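I opened the notebook to record what I looked up in this structure. The entries follow in the order in which I made them.

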Amino acid sequence: MHYKKRVLVCSIGAIASGLFGGFLGAQVSIATRAHQCQVVPWGFRIVCSTLLIPGAFFQGSITGMWTGTVIGAFVFGSVTRPSPNGED
């Protein structure tokens, strides 16, 4: 029974950290790409942002989801690991 609870906790933790990582990755990627648009003339900044932001969003969110899920699974797996002497 403890095994099923551990799998459930690890799965939920990994999914939650993956979603958070996706959000955070998208925000960082958008911020760095938007910074690139600051060097173009004023009239072209909107065009630059319109072209760069969607790609930055998808790239950052996918990378963040993968990274967050892997790190979350590792952390929650380590936290829920049974003790070596068999006690809960």
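**Entry 1: alanine 16.** I located alanine 16 in helix H1, residues 2–36; helices (H or I, at least four residues) and strands (E, at least two) are DSSP runs, numbered from the N terminus. I noted that alanine 16 is partly exposed, at a relative accessible area of 45%. On this scale buried means under 20% relative accessible area, exposed over 50% and partly exposed in between, with a 1.4 Å probe and protein chains only. From alanine 16 to alanine 73 I read 9.9 Å, C-alpha to C-alpha, for a sequence distance of 57 residues.

**Entry 2: the model.** This is a predicted model, in which local features need pLDDT of at least 70 and side-chain atom pairs count only at pLDDT 80 or more, while totals for chains, interfaces and linings use all residues. Residues are numbered from 1 along each chain as its sequence is written, and side-chain values use heavy atoms, with hydrogens and water left out.

**Entry 3: glycine 22.** Is glycine 22 buried or exposed? At 5% relative accessibility, I recorded glycine 22 as buried; its place is in helix H1. I listed its contacts beyond four places in sequence as Gly60, Ser61, Gly64 and Met65, where contact means heavy atoms within 4.5 Å. The C-alpha atoms of glycine 22 and methionine 65 are 4.2 Å apart, although 43 residues separate the two along the chain.

**Entry 4: the whole chain.** I counted two helices and zero strands. The radius of gyration, taken over C-alpha atoms, is 19 Å, well over the 12 Å that the globule rule gives for 88 residues, so the chain is more spread out than a compact globule. That rule is 2.2 Å times the number of residues to the power 0.38. Along the principal axes, the C-alpha atoms fill a box of roughly 65 × 15 × 10 Å. Of the contacts with a separation of 6 or more, 76% join residues 24 or more positions apart. Buried residues make up 20% of the 88 residues.

**Entry 5: the surface.** The chain exposes about 6,700 Å², of which carbon and sulfur atoms supply 74%; accessible areas come from the Shrake-Rupley method with a 1.4 Å probe, and for residues only the protein chains shown count as cover.

**Entry 6: the aromatic pair.** How many aromatic pairs does the structure hold? I found one aromatic pair. The ring centres of phenylalanine 57 and phenylalanine 58 are 5.4 Å apart and the planes lie at 70 degrees, so the pair is edge-to-face. Rings of Phe, Tyr and Trp (its six-membered ring) pair if their centres lie within 6.5 Å; planes under 30 degrees apart count as stacked, over 60 as edge-to-face and the rest as tilted. Phenylalanine 57 is partly exposed, at 38% relative accessible area, whereas phenylalanine 58 is exposed, at 53%.
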